[in-house]
Amino acid sequence: MQKPIVILGVDAAQGALLFPFKESGKIVANVEPRAVFHSKKEEQWKLNFGDIPFVRSLEEVKAQKIDLILGSPSCGHSSVFSYSRKKSLGKPREDVTLNLYLSSIKKFKPVVFMLENLPKLLDFIPIGEWEHNLPDYKLIVHCHSVTVFGNSQQSRKRLVLIGVRKDSKINPQIFDHTFQVTKPKNLCQLKKGVRRDINYREADDKKLAMYHYADKSKTTLTVAQVRKLWRTEFKNDYKWPMRTQKMKTLPGVYRNRKKSYPLTVRPSSRQFNPHGRIMGLDEYRVIMGFPKSFKVYFDNANPTYWLNKGRNTLTKGAVYENSLWLKSCLQKAGLISK
């Protein structure tokens with residue numbers, strides 16, 4: 001009988017990459033140093049992964065043979081949003097999560113690893129530098145829209161870096177080609193999978209950091225006011241209008257179109273569905289490709305806190321189809337039984 005593949009998450013957020021392997025492998029831990037993914041009782045992690053350790057450093061992982069390392073280190077260092085805030089891009093070589101990920105590969109020497117990030121990362125750290133730092137691995141690079149895996153966010157472009165240890169019996173060419181594990185859907189099709197009873201969102205009186213271009217004295221609008229503007233004055237707009245010489249629209253604020261692919265979701269409370277309603281957590285889940293079995297923790301006693309946690313859980317990391325594609329490749333490689 002084939003032994004279960006031993007898996008370690010490193011910078012794996014709340015487990016998007018790990019979840020498909022719960023039944024077909026042994027997940028020993030997820031090493032996640034970023035505070036945004038932790039809570040006092042680790043409610044979100046335990047909801048999906050139970051007692052699997054959710055730790056902050058490699059030292060907390062018991063030394064053992066690791067077959068597969070999965071992770072999505074921080075991508076803010078190579079994000080256009082980082083540039084708009086700081087007027088300069090970050091320094092990925094100094095990024096804590098990226099260095100942690102590289103350290104984990106050197107320490108555990110997995111048979112295979114997968115790193116998910118923004119394509120811009122390779123502009124800062126060229127593939128030749130990765131090869132120099134990881135000489136024991138054959139590297140395979142994919143930079144595409146996530147629709148190549150079957151996710152519906154055509155505008156979401158990601159880097160997927162696969163490493164196959166050269167002394168293993170695995171043929172690296174197995175990972176050379178992307179394929180769709182499901183068919184991308186437009187928003188109308190995706191909406192059918194949304195559960196209204198758990199589609200948590202901000203209340204109508206919640207204030208958002210938005211304003212009407214004609215009245216700049218008001219720096220916030222309520223959710224209800226925003227919805228009314230989308231449905232009336234801005235009914236023909238799909239990006240929040242600014243109508244100034246410097247800016248035509250407010251960056252990152254949009255509403256999706258009914259019969260189009262959903263735009264890239266981010267951990268923001270300023271993204272809306274076609275009806276002008278702020279998008280709820282289950283809409284985010286469906287767009288990111290997560291199955292109904294992946295649960296998002298929510299507590300009505302502290303809604304703002306858990307809405308923010310939920311959006312981070314669902315959007316900061318890989319789409320679900322990415323991991324399903326990898327799982328299929330690992331089955332072809334013989335690391336996982338079919």
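This is a predicted model: local features need pLDDT of at least 70, side-chain atom pairs count only at pLDDT 80 or more; totals for chains, interfaces and linings use all residues.
View 1. Residues are numbered from 1 along each chain as its sequence is written, and side-chain values use heavy atoms, with hydrogens and water left out. S10 (residues 239–241) and S11 (residues 249–255) run antiparallel and are joined by two bridges. Strands (E, at least two residues) and helices (H or I, at least four) are DSSP runs, numbered from the N terminus. Two strands pair if DSSP finds at least two bridges between them.

**View 2. S10, S11 and S12 form an open sheet, in that order.** The pairing is mixed. S10 and S12 are the edge strands, each pairing on one side only. Helix H7 packs on the sheet and touches S10, S11 and S12. The direction of H7 makes about 95° with that of S10. Axes are lines fitted to C-alpha atoms, for helices over the stretch in contact; angles run from 0 to 180 degrees between N-to-C directions.

**View 3. Helix H7 (residues 223–231) has buried residues Val-223, Val-226, Arg-227, Leu-229 and Trp-230.** They fall within an arc of 160° seen down the helix axis, so they line one face of H7. The arc is that of the directions from the helix axis to the C-beta atoms. Lys-228 and Arg-231 are exposed on the other side of H7. Buried means under 20% relative accessible area, exposed over 50%, partly exposed in between (1.4 Å probe, protein chains only). The buried residues of H7 pack against S8, S9, S10, S11 and S12. Contact means heavy atoms within 4.5 Å.

**View 4. Strand S1 (residues 5–10) is largely enclosed by the rest of the structure, because six of its six residues are buried.** Ile-5, Ile-7 and Gly-9 lie on one side. Val-6, Leu-8 and Val-10 lie on the other. S1 pairs in the parallel sense with S2 (residues 25–31) over six bridges. Val-6 stands opposite Lys-26 in S2. S1 also pairs in the parallel sense with S4 (residues 68–71), over three bridges. Here Gly-9 stands opposite Leu-70.
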